[in-house]
Amino acid sequence: MPAKPPERLFLDRHPTPIGVALLVTDEAGVLRAFDFEDYEPRMRRLMRLHYGATPLAAGPAPAAMKASIDRYFSGDLKALDEIKWATAGTEFQRSVWRALTSIGAGETLSYRGLAERVGRPKAVRAVGLANGSNPVALVVPCHRVIGADGSLTGYGGGLHRKQWLLEHELAVQIERP
């Protein structure tokens with residue numbers, strides 16, 4: 001478990017080119033969840049699972065966090081690296097989520113490749129489940145994991161967003177090698 005769970009969580013909404021983002025931050029301004037407005041019920045269930053009865057109230061996310069998100073969508077693919085994030089979850093889940101951050105923008109990796117990165121090459125299904133329960137989408141880039149055959153597989157924010165994000169990152173890489 002992380003050192004100390006947050007005492008309060010704040011929910012902010014932020015427009016992006018692919019829908020209104022939900023930003024959940026703690027009292028220190030650390031990102032605890034990122035999702036999209038059309039998946040808010042799922043995000044709230046995930047927050048209860050990870051943080052129990054910790055209150056979730058409307059409140060602003062740090063301006064610097066929102067600026068980093070805006071810069072990412074404007075083509076600065078490294079901007080998300082500036083966002084501080086933390087999660088609850090099991091040690092295995094957190095190891096998978098840390099490994100996701102090693103997949104660079106414009107790159108993709110199969111579930112098997114991700115399992116190998118966490119040192120559990122036979123745990124492909126478990127890695128897939130951990131990937132699917134990533135509470136900090138976009139910033140912890142689970143959208144960069146694809147099927148072994150190169151096909152787009154599930155994405156909590158919808159496959160249309162996964163496709164958009166991968167195309168966005170690839171287009172920026174081509175424009176700015």
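## Close-up views of a predicted model

**View A. Arginine 32 sits in strand E3, which spans residues 31-36.** What you're looking at here is a predicted model. Arginine 32 counts as buried because its relative accessible area is 7%, under the 20% cut-off. Its side chain makes a polar contact with the side chain of aspartate 26, at 3.0 Å. Beyond its neighbours within four places in sequence, arginine 32 is in contact with a list of residues that includes Lys4, Pro6, Leu9, Val24, Tyr51 and Val136.

**View B. Strand E1 (residues 9-16) is largely enclosed by the rest of the structure.** That's because six of its eight residues are buried. On one pairing, E1 runs antiparallel to strand E2 (residues 19-26), with eight bridges joining them. A hairpin takes the chain from E1 to E2 through two residues. E1 also pairs with strand E4 (residues 56-58), this time in the parallel sense and over three bridges.

**View C. Leucine 11 has a partner in E2 and another in E4.** In E2, look for valine 24, the bridge partner of leucine 11. In E4, leucine 11 stands opposite alanine 58.

**View D. Cysteine 142 is in the loop between helix H5 (124-132) and strand E6 (145-146).** An unreviewed UniProt entry annotates Cys142 as "active site". Is this residue buried or exposed? With a relative accessible area of 6%, cysteine 142 is buried. Setting aside neighbours within four places in sequence, cysteine 142 is in contact with Leu100, Asn131, Asn134, Ala137 and Tyr155.

Key:
Residues numbered from 1 in each chain as written. Predicted model: local features only at pLDDT ≥ 70, side-chain atom pairs only at ≥ 80, totals over all residues. Heavy atoms only, no water. UniProt positions renumbered as here; feature names shortened; annotations may be inferred. Helix = DSSP H or I, 4+ residues; strand = E, 2+ residues; numbered from the N terminus. Buried < 20%, exposed > 50% of the residue type's maximum accessible area, 1.4 Å probe, protein only. Contact = heavy atoms within 4.5 Å. Polar contact = N/O pair within 3.5 Å; in protein donor to acceptor, adjacent residues only side chain to side chain. Pairing = 2+ DSSP bridges.
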